[in-house]
Amino acid sequence: MLSYRHIYHAGNHADILKHLTVSQICRHLIKKEAPFFYLDTHAGIGQYSLNSEQAQKNKEFHSGIARLLKEENLPEPLEGLLDIVRDMNPTDTLEYYPGSPKIVDYYVRQKDKLHLCELHPNDYPLLAALFPNKRKANVVKDNGFAAVKAMLPPPQKRGFVLMDPPYEVKKDYQYVVQALEEGYKRFPQGTYAIWYPVLNRQQANELLKSVKATHIRNVLLLELCIRNTEQERGMAGSGMIIVNPPWTLEKEAKEFLPVLSKLLAEDNEADFQVTWITPE
Ligand SMILES: C[S@@+](CC[C@H](N)C(=O)[O-])C[C@H]1O[C@@H](n2cnc3c(N)ncnc32)[C@H](O)[C@@H]1O
């Protein structure tokens, strides 16, 4: 079943947390000269037209990225993300929002390499057209969970894996943890970032429990909820599980998450977490 289309949600609060994390991991990776490998297991279409019929349906970006763009003096990591968005929108009108491949593309150097998986028959060609240079990015219509096994460890010996499944099938909660274990076994020095939705507290907690049960160490959790998590009103928030995070990320998140939870709040129960699932 592949009915999920990310364009309906592009630029919402969950994208901001995810893409901010991706941006900070890339900034850390490019501090070193050595090349790195990026695996995006669920890459989407790469960038999103916010004027499209789909993005306009619920206009989720209005209460997300559009709101942030009106602010001044944001914490530096947030300004970094906004710079990428501004770079894609040179006329100052918000028309495009970057997906995870475009965020990484903003930072990569000629020596770095991207491997982007997207299974949807309509989305794959859009992504492939955006990354025509095979030497820079390999775009494949493959199952991203299987790619974790097939592509790791990378020859570069440095790398970052983003797993951003839609969770439209409940099995994704299981697959994502299995893929993390498989990947970590092959490439323990890599950085792994897993996105998850907070639809209700219990489901999110079960995922976090399964990650803890892998006994993988050095796992940071960032979570942002924009409203009470117990109401039956869709996604109240989302989180990022980061294995081997940049050492600066915990401190940065303690600065940017309070700001985001205030700016994006939909009720007075908006909240955030910066905590270690398992310390180093
Ligand atoms: C949440 S979206 C990805 C958004 C993207 N990472 C971003 O940040 O812009 C999830 C994507 O995964 C695709 N997909 C679903 N199952 C997949 C699988 N097993 N392997 C690869 N792609 C898959 C969907 O078609 C969808 O485009």
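Let's start at the ligand. A polar side-chain atom of Tyr 48 sits 3.2 Å from one of the ligand's oxygen atoms. Keep in mind that this is a predicted model. Glu 118 also reaches a ligand oxygen atom, with a polar side-chain atom at 2.6 Å. Then there is Asn 143. An N or O atom in the Asn 143 side chain lies 3.0 Å from a nitrogen atom of the ligand.

How much of the ligand does the protein bury? Taken alone, the ligand exposes 600 Å², and the protein buries 96% of that.

Now the surroundings. There are 21 residues around the ligand. Those that come nearest are His 19, His 42, Ser 100, Glu 118 and Asp 164.

UniProt lists Asp 164 under "active site", and the entry is unreviewed. Where does Asp 164 sit? It is in the loop between β6, residues 159-163, and α8, residues 171-186. Buried or exposed? Asp 164 has a relative accessible area of 13%, and the cut-off for buried is under 20%, so Asp 164 counts as buried.

Who does Asp 164 touch? Set aside neighbours within four places in sequence, and its contacts are Lys 18, Thr 41, His 42 and Trp 195. His 42 is also one of the residues that come nearest to the ligand. With Lys 18 there is a polar contact, side chain to side chain, at 2.7 Å.

Next, the cysteines. A disulfide is a covalent bond between the sulfur atoms of two cysteines. How many disulfides does the model have? The count is 0. Take Cys 26, which is in no disulfide. Its nearest cysteine sulfur belongs to Cys 117, and that is 16 Å away. The cut-off for a disulfide is 2.5 Å. Cys 26 is buried, at 0% relative accessible area. Cys 225 is buried too, at 5% relative accessibility.

Last stop, Ser 261. This residue lies in helix α10, residues 249-263. At 10% relative accessibility, Ser 261 counts as buried. A polar atom of the Ser 261 side chain is 3.4 Å from the backbone oxygen of Pro 258. What else does Ser 261 contact, leaving aside neighbours within four places in sequence? Leu 224, Ala 270, Asp 271 and Phe 272.

Definitions and conventions: Residues are numbered from 1 along each chain as its sequence is written. This is a predicted model: local features need pLDDT of at least 70, side-chain atom pairs count only at pLDDT 80 or more; totals for chains, interfaces and linings use all residues. Side-chain values use heavy atoms; hydrogens and water are left out. UniProt positions are given in the numbering used here, feature names are shortened, and annotations may be inferred rather than shown by experiment. Helices (H or I, at least four residues) and strands (E, at least two) are DSSP runs, numbered from the N terminus. Buried means under 20% relative accessible area, exposed over 50%, partly exposed in between (1.4 Å probe, protein chains only). Contact means heavy atoms within 4.5 Å. A polar contact is a pair of N or O atoms within 3.5 Å; within protein, one must be able to donate a hydrogen and the other to accept it, and residues adjacent in sequence count only if both atoms are side-chain atoms. A residue is near a molecule or strand if one of its heavy atoms lies within 4 Å of it. Accessible areas come from the Shrake-Rupley method with a 1.4 Å probe; for residues, only the protein chains shown count as cover.
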